[in-house]
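This report describes one protein together with its ligand. Please keep the sequence and the model in view while reading.

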Amino acid sequence: MECRAGCGACCIAPSITSPLPGMPQGKPAGVPCAQLLPDMRCAVFGRPERPSFCGSLRPAADMCGDSREQAIFWLSRLEEETCPGAPTARMISGKAGLAGVCESAADAHVLP
Ligand code: SF4
């Protein structure tokens, strides 16, 4: 499966806990990444400063859905459900490989 052109959902909805260029404290959930270009491509793709988290996210039918909005919704829900203390965190994070990511997802539905 290929990434949807112009999507960028996985560079907006999830939090990233490791530092990245322009975001030394990591990226909060629901905030567009500082490295996300206007055409929704990654400015540091293929470079060592790109967080390993980003490379671990692969396009998949359940995550990406049929639209960017569906992908934002799915990833935002996953973010909420993988917060420490969420009862379903282990099951869901194991499915999607997003263990350990969590920030406030209150603004996660904001699109740039
Ligand atoms: S570093 Fe690149 S791939 Fe990772 S969230 Fe930012 S724009 Fe997306």
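Helices (H or I, at least four residues) and strands (E, at least two) are taken here as DSSP runs, numbered from the N terminus. By that definition Cys64 belongs to helix α2, which covers residues 61-64. The model is predicted, with local features needing pLDDT of at least 70 and side-chain atom pairs counting only at pLDDT 80 or more, while totals for chains, interfaces and linings use all residues. Residues are numbered from 1 along each chain as its sequence is written.

The protein contains four helices and zero strands, and its pattern along the sequence reads α-α-α-α. A residue counts as buried if 20 or more other C-beta atoms, placed from the backbone, lie within 10 Å of its own, and buried residues account for 27% of the 112 residues.

Cys64 is buried because 21 other C-beta atoms lie within 10 Å. Two residues are in contact if their C-beta atoms, placed from the backbone, lie within 7 Å; leaving aside residues up to four places away in sequence, Cys64 touches Arg4, Pro59 and Ala71.

| Cys64 and Ala9 | Value |
|---|---|
| Separation in sequence | 55 residues |
| C-alpha to C-alpha distance | 8.2 Å |

Among contacts in the protein between residues at least 6 apart in sequence, 54% join residues at least 24 apart.

Which residues are around the ligand? With a C-beta atom, placed from the backbone, within 6 Å of the molecule as the criterion, they are Cys11, Leu20, Cys33, Gln35, Leu36, Cys42, Val44, Arg50, Pro51 and Cys54. Counting Ala, Val, Leu, Ile, Met, Phe, Trp, Tyr, Cys and Pro as nonpolar, Asp, Glu, Lys and Arg as charged, and the others, Gly among them, as polar, this shell has eight nonpolar, one polar and one charged residues.

Note on methods. A residue is buried if 20 or more other C-beta atoms lie within 10 Å of its own, exposed if 12 or fewer, and partly exposed in between; C-beta atoms are placed from the backbone.
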